Amino acid sequence: MNIGQSYTLLDWSQLGVSVASVVLGLIIGYQAYRGFRRNDSRSMQFLSVGLILLTAVPFTLSFTATLAIRLEPGLADIEQELFLLVRLIQFVGLACITYSLYEKP
């Protein structure tokens, strides 16, 4: 979509669902963090970090990178590297969640 182009209902819907997903991910991550603080549970700490890395960080990075590329098309050269970075962050988040499930108290 070009900067001068108007946004459709589908565009706004995608943005709304993405933002709602980030908010829910942060709420769940925060609750897991509270569980970690209350019980001093290392597995809850990894769950919290994993959820935040899986939801909030990748969306925020993707969103800001997309805006930057739209404003400065010359940055499109690093789009593949940013995509890889987002996937790596999601992978680390999943690894943290997996570790939290198998961590012994």
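Predicted model: local features only at pLDDT ≥ 70, side-chain atom pairs only at ≥ 80, totals over all residues.
Helices here are DSSP runs of H or I with at least four residues, strands are runs of E with at least two, and both are numbered from the N terminus. The expected span of a helix is 1.5 Å times one less than its number of residues. For helix 3, 16 residues should span 22 Å, and the end C-alpha atoms are 23 Å apart, which agrees. For helix 1, 31 residues should span 45 Å, and the end C-alpha atoms are 45 Å apart, which also agrees.

Which residues of helix 3 are buried? They are Ala56, Pro58, Ala65 and Ile69, where buried means under 20% relative accessible area, exposed means over 50%, and partly exposed lies in between, using a 1.4 Å probe and protein chains only. These buried residues pack against helix 1 (9-39), helix 2 and helix 4 (79-102); contact means heavy atoms within 4.5 Å. In helix 1, the buried residues are Val22, Gly25, Gly29, Ala32, Gly35 and Phe36, and they pack against helix 2 and helix 3.

**Helix 2 beside helix 3**

Helix 2 (residues 42-54) and helix 3 (residues 56-71) pack at an angle of about 25 degrees, with their axes 3 Å apart. That makes helix 2 roughly parallel to helix 3. Axes are lines fitted to C-alpha atoms, for helices over the stretch in contact, and angles run from 0 to 180 degrees between N-to-C directions. Angles under 35 degrees count as roughly parallel, over 145 as roughly antiparallel, 65 to 115 as roughly perpendicular and the rest as oblique.

On the helix 2 side, Leu51, Ile52, Leu53 and Leu54 meet Ala56, Val57 and Pro58 of helix 3.

**A pair of rings**

Phe59 and Phe63 both lie in helix 3, four residues apart, about one turn of the helix. Their ring centres are 5.7 Å apart and their planes are at 20 degrees, so the pair is stacked. Rings of Phe, Tyr and Trp (its six-membered ring) pair if their centres lie within 6.5 Å; planes under 30 degrees apart count as stacked, over 60 as edge-to-face and the rest as tilted.

**Accessibility at a glance**

| Residue | Relative accessible area | Class |
|---|---|---|
| Phe59 | 21% | partly exposed |
| Phe63 | 35% | partly exposed |
| Val57 | 30% | partly exposed |
| Val23 | 42% | partly exposed |
| Asp40 | 64% | exposed |

**Across the chain**

Val57 and Leu26 are 31 residues apart in sequence and 9.8 Å apart in space, C-alpha to C-alpha. Val23, in helix 1, and Thr55 are 32 residues apart along the chain, with 8.6 Å between their C-alpha atoms.

Lastly, Asp40 lies in the loop between helix 1 and helix 2. Its phi is near 50 degrees, a positive value in a residue other than glycine.

Conventions
Residues numbered from 1 in each chain as written. Heavy atoms only, no water.
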